[in-house]
Amino acid sequence: IIAAISYVFRGLGSYYSTRLGQIFSVDHYLILHAAVFGLFLILIQKTNSIFLVLLIVIIFYFLRGLYNPTISTFINNKVGSHNRATMLSLNQQLLTLVTSIALLITGLVSEKFGLVNTFFVISILSSSFLIVYVLFLRKVETD
């Protein structure tokens, strides 16, 4: 039930991503995404209620739904047709690789330092990654 609700909110995020794209530029959206993502991860480490954690997870899925179409549209608009499929594939592979490495690091941190510190490390890693990613996307835009 929780997974189904999460995916419904991810779908809602995808649905509203075009409206958000009209309000924010991709740079501002990604910075907003990184800030909210980091904030919610910090909130998780301060929360004692499972219901609040579930609410935060639902918000994560909504943000994730906003993220994928926004980045795909950005790449489709900024990259020429001869490189578009390569960039979309590279984007997905890069995100998968970073997620895998982040899961490994957070697993090691949680074993050594505890779960509360793990959420703090995740918030720092994800915020740092998204900032670097925004800078990379700006470079793609200028090339």
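Mentor: Lys and Arg count as positive and Asp and Glu as negative, while His and the chain ends are not counted. The place of a charge is taken as NZ of Lys, CZ of Arg, CG of Asp or CD of Glu. This is a predicted model, in which local features need pLDDT of at least 70 and side-chain atom pairs count only at pLDDT 80 or more, whereas totals for chains, interfaces and linings use all residues. Residues are numbered from 1 along each chain as its sequence is written, and side-chain values use heavy atoms, with hydrogens and water left out.

Trainee: How far apart are the mean positions of the positive and negative charges of the protein chain?

Mentor: The protein chain has 9 positive and 4 negative charges.

Trainee: Which pattern does the protein chain follow along the sequence?

Mentor: Helices (H or I, at least four residues) and strands (E, at least two) are DSSP runs, numbered from the N terminus. The protein chain has five helices and zero strands. Read along the sequence, the pattern is α-α-α-α-α.

Trainee: What radius of gyration does the protein chain have?

Mentor: The C-alpha atoms fill a box of roughly 50 × 30 × 25 Å along the principal axes. The radius of gyration is taken over C-alpha atoms, and the globule rule is 2.2 Å times the number of residues to the power 0.38. For 143 residues a compact globule would have a value near 15 Å, and the protein chain agrees with that, at 16 Å.

Trainee: What percentage of contacts between residues at least 6 apart in sequence join residues at least 24 apart?

Mentor: Contact means heavy atoms within 4.5 Å. Among the contacts of the protein chain between residues at least 6 apart in sequence, the share that joins residues at least 24 apart is 74%.

Trainee: Which residues does Y133 contact, leaving aside neighbours within four places in sequence?

Mentor: Y133 belongs to the group in that core touching the most other members. With those sequence neighbours left aside, the contacts of Y133 are L30, Y67, I71, N91 and L94.

Trainee: Is S6 buried or exposed?

Mentor: S6 is found in helix α1 (residues 2-23). Not counting residues up to four places away in sequence, S6 touches V57, I58 and Y61. Its relative accessibility is 2%, so S6 counts as buried.

Trainee: What distance separates the C-alpha atoms of L103 and I122?

Mentor: L103 lies in helix α4 and, at 58% relative accessibility, counts as exposed. L103 and I122 are 19 residues apart along the chain, and their C-alpha atoms are separated by 8.8 Å.

Trainee: What distance separates the C-alpha atoms of N77 and V98?

Mentor: N77 lies in helix α3 and counts as exposed, with 59% relative accessibility. N77 and V98 are 21 residues apart along the chain, with their C-alpha atoms separated by 24 Å.

Definitions and conventions: Core = buried A, V, L, I, M, F, W, Y, C linked by side-chain atoms within 4.5 Å. Buried < 20%, exposed > 50% of the residue type's maximum accessible area, 1.4 Å probe, protein only.
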